[in-house]
Amino acid sequence: MTTTEVRQKPPAVSQSQVATQREDLIGALFGLALVGGVLSDAWAHVNVLSTLESFFTPWHALLYGGFAGTAAWTWWLAFRHRRRDQRWWANAWPAGYAIGAIGSLIFLVGGAADMFWHQIFGIETSLRITMSPSHMMLAAGGALLLTSQMRSWWVSGEGGLRAVTGVLSAALGTMMGTILIIGMTGANTIAPTREYVVAAAGSASTSSGAAQGIQAYLLGTVVILVPVMLMLRRRATPVLATGVAGVIGVFLMVEHQFPMPLSGALIGMIAGAALADAVVYRLDRQRGVDAPMRLPIAGAIIAGALWAGHLIGLQLAAGIRWPVELWVGVVVLTAVLGAVLGTLSRGPSRS
């Protein structure tokens, strides 16, 4: 193996315990239907809230229909991979799918709780949506369920279609797991387009909007970088950040019906992720996956490129009104945070 090759870990289990590429692909497509149902419900909460009077809505039908298909396929795979005299519901799961099955049960309980919650307390709006306990259960269970194909990909040690399916699974799981807080992150902010004004000395500062915008970028770095770094630690592939940022960006654009300047910022964010992926993958091929400081460098590149792209998108769509210290500082500060997250995601030292 040359120094330009990216080495991958061999499968940790026998191939008989791993789902086929076709099985993973079907599972990921069911997961896409589930997230599509979540998107339809999120869109309805934002755009047609006045028509949501109970739990039983067309949007919930799409959401729970997608869940039913995803959960059914997950459980069917265990039954399909069973061996004679084996308790299939206990130990016949393909690698990575048992955790998904647990997630499906959490989601099912959360769905029942959500129905009773809506009937008792009504339809949540604004911050109440984020803090609803039943919604938290749905997000957690959905994230575990949707990342089954990602774990299968890790175990298989394969690239090609399996890698594409794994990245899609990871992106969908990230979207589901962060659905309740994604609106608080830098991906959803247009704070830099608002005028930065500081009151006279001795008066209360009016720069709190900018401070909240900076906080949003920092939170967004954590939300996107944590899953990307965990994947990059295990497998090197050229579309990790693009997949996660792409699903988040498309979700937010559709949910809000492609508003400007937010859509411009999200397109810039996705472009920044694609550029970062290309640079990181090139570095992996040149330096190898065991190179010193590999993950901290990758984290800094990805975080800096994400938010530089986001800010460029805002500039092109509406113009940035923050002083240069703020928007340059955002890129630098998030890159530093990305390096810290990359450091934390490294495995134990081999020395």
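The model is a predicted one.

Start with the aromatic rings. A pair of aromatic rings is described by the distance of the centres and the angle of the planes. Searching the whole structure turns up six aromatic pairs. One of them joins Tyr64 and Phe107. Their centres sit 6.0 Å apart, and their planes make an angle of 65°. The pair counts as edge-to-face because that angle is over 60 degrees. Tyr64 belongs to helix 2, residues 58-80, and Phe107 to helix 4, residues 97-121. The pair therefore ties together parts that are 43 residues apart in sequence. Tyr64 has a relative accessible area of 19%. It counts as buried because the cut-off is under 20%. Phe107 is buried with a relative accessible area of 1%.

Trp76 and Phe79 make another aromatic pair. This one is tilted, with 5.7 Å from centre to centre and 35° between the planes. Trp76 is partly exposed, at 40% relative accessible area. Phe79 is partly exposed as well, at 30%. Now go back to Tyr64. Together with Phe67 and Phe107, Tyr64 forms one aromatic cluster.

Next, the nonpolar cores. In soluble globular proteins, nonpolar side chains tend to be buried together. The largest nonpolar core in this model has 67 residues. Which of its residues touch the most other members? They are Ile224, Ile302 and Leu306. Take Leu306 and set aside its neighbours within four places in sequence. Leu306 is then in contact with Ile224, Leu225, Ala245, Met269, Gly272 and Ala273.

Charged side chains come next. Side chains of opposite charge can pair when their charged atoms come close. The structure holds four salt bridges. One runs between the side chains of Asp24 and Arg162, with 2.6 Å from N to O. Asp24 lies in helix 1, residues 21-47, and Arg162 in helix 8, residues 161-177. The pair links distant parts of the chain, 138 residues apart. Is Asp24 buried or exposed? Asp24 is buried, with a relative accessible area of 1%. Arg162 is buried too, at 3%.

Another bridge joins Arg321 to Glu195. The closest N and O atoms are 3.4 Å apart. Both partners sit in loops. Arg321 is in the loop between helix 12 (294-317) and helix 13 (324-345). Glu195 is in the loop between helix 8 and helix 9 (208-234). The two residues are 126 apart in sequence, so the bridge ties those parts together. Arg321 is partly exposed, with a relative accessible area of 47%. Glu195 reaches 54% and is exposed, because exposed means over 50%.

Arg294 and Asp284 form a further salt bridge, at 2.7 Å from N to O. Arg294 lies in helix 12 and Asp284 in helix 11, residues 262-287. The bridge therefore ties together parts that are ten residues apart in sequence. Arg294 counts as buried at 9% relative accessibility. Asp284 counts as buried at 3%.

Finish with the backbone. Most residues other than glycine have a negative phi, and most peptide bonds are trans. Where does Pro261 lie? Pro261 is in the loop between helix 10 (240-255) and helix 11. A cis peptide bond joins Met260 to Pro261, with omega at about 10°. Gln257 lies in the loop between helix 10 and helix 11. Its phi is near 60°, a positive value in a residue other than glycine. Gln257 is partly exposed, at 47% relative accessibility. Phe258 is also found in the loop between helix 10 and helix 11. Phi of Phe258 is positive too, near 50°. At 53% relative accessibility, Phe258 counts as exposed.

Technical notes: Residues numbered from 1 in each chain as written. Predicted model: local features only at pLDDT ≥ 70, side-chain atom pairs only at ≥ 80, totals over all residues. Heavy atoms only, no water. Phe/Tyr/Trp six-rings, centres within 6.5 Å; stacked < 30°, edge-to-face > 60°. Helix = DSSP H or I, 4+ residues; strand = E, 2+ residues; numbered from the N terminus. Buried < 20%, exposed > 50% of the residue type's maximum accessible area, 1.4 Å probe, protein only. Core = buried A, V, L, I, M, F, W, Y, C linked by side-chain atoms within 4.5 Å. Contact = heavy atoms within 4.5 Å.
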